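Subject: Structure for you to look at

Hello,

Here is the structure I said I would pass on. My notes on it follow below.

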Amino acid sequence: MKTSRSDLAAQIKARVPLEEAVRHYGFEPDRAGFIHCPFHQGDNFPSLKIYPDGRGWYCYGCQKHGTVIDFVMNLYNVGFQQALFRLDCDFGLGLTGVTPDPAQAQALEEIHQAQAERKRQREEYDRHWEHTIELTHVIDGFSDLVLDLCRKREEEDTWLAEHQSWSGQKVVNYGTCETI
C-alpha cells in the first residue's frame, strides 16, 4: 500500500523532533531554544526560535516559520517531496522505501559534518568579530574620556592662571597653593 504525501509528512513530523533535526543539521539551540537563523544574512544574535513539543519554529528576523519539513526545505532549498525523502533517509525511518546505498549514506554524512563544521567556524568567527567590535567601542570610549579629561585640565589650568590671586593665596601649580 502506497503512503500519501500528507500521511508521510504526518509520520515524519511525529517521528522526527524538530530540535533533534536542528542539531542533526549542525545547529545548537541555546537554553532559550534560539539559534542563528541560516535563512537570512546578518543574524548577529540568535533570532530563530525552536519551540518545544513539536510546535515548530519562527525567525524573528526574516519571519520564516514552519515545521521540521519546512526547516529542511529552507535549509537545503529543496521542495516538499525532497525534504520528506531527506528526513526519511537522514533519520533512517524507512517510510519511503528509498534508502541510499552505503557510499551515498557515507557521502551524505560527510557533507553534513562539513556543513556543521563550517557553521561552527562561522559562528566562532562571528563571536570573535563581535568581541573585537565591542572592544573597539570600549577603546573609543576610553579615548574620548581621556581627551575630555585633558580638555578639562587645560580649562582648569587656564582658569587658575587667570585667577592667580584668590582668597589671599597665590596659585603656584595645579592643586597646590602658597600663602602670600
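To begin with contacts across the chain: of the contacts in the protein with a separation of 6 or more, 38% are between residues 24 or more positions apart. Please keep in mind that this is a predicted model.

Overall make-up

The protein contains five helices and seven strands. Read from the N terminus, its elements come in the order α-α-β-β-β-β-α-α-α-β-β-β. There are 180 residues in the protein, and 24% of them are buried. The exposed surface comes to about 12500 Å², with carbon and sulfur atoms supplying 54% of it.

Helices H3 and H4

Two packed helices are described by the angle between their axes and by the distance between those axes. For helix H3 (residues 68-76) and helix H4 (residues 80-90), the angle is about 105 degrees and the axes are 9 Å apart. H3 is therefore roughly perpendicular to H4, as angles of 65 to 115 degrees are counted that way. On the H3 side, the contact is made by Val68, Ile69, Val72, Met73 and Tyr76. H4 contributes Phe80, Ala83, Leu84, Arg86 and Leu87 to the contact.

The buried residues of H4 are Ala83, Leu84, Arg86, Leu87, Asp88 and Asp90. After H4 comes Gly92, which has a positive phi, near 60 degrees.

His36

Where is His36 found? His36 sits in the loop between strand S1 (34-35) and strand S2 (48-50). Is His36 buried or exposed? Its relative accessible area is 16%, and under 20% counts as buried, so His36 is buried. Leaving out residues up to four places away in sequence, His36 touches Phe27, Asp43, Asn44, Phe45, Pro46, Lys119 and Glu123.

A nonpolar patch

Which residues make the nonpolar surface patch? They are Phe142, Leu145, Val146 and Leu149, and the patch is about 390 Å². Leu149 belongs to helix H5, which covers residues 102-162. The relative accessibility of Leu149 is 52%. The cut-off for exposed is over 50%, so Leu149 counts as exposed.

Regards

Terms used. Residues numbered from 1 in each chain as written. Predicted model: local features only at pLDDT ≥ 70, side-chain atom pairs only at ≥ 80, totals over all residues. Heavy atoms only, no water. Patch = residues over 30% accessible without salt bridge, like charges linked within 9 Å, V, L, I, M, F, W, Y side chains within 5 Å. Areas by Shrake-Rupley, 256 points an atom, 1.4 Å probe, with all protein chains shown as cover. Salt bridge = Lys/Arg side-chain N within 4 Å of Asp/Glu carboxyl O. Helix = DSSP H or I, 4+ residues; strand = E, 2+ residues; numbered from the N terminus. Buried < 20%, exposed > 50% of the residue type's maximum accessible area, 1.4 Å probe, protein only. Axes fitted to C-alpha atoms, helices over the stretch in contact; angles between N-to-C directions. Parallel < 35°, antiparallel > 145°, perpendicular 65-115°, else oblique. Contact = heavy atoms within 4.5 Å.
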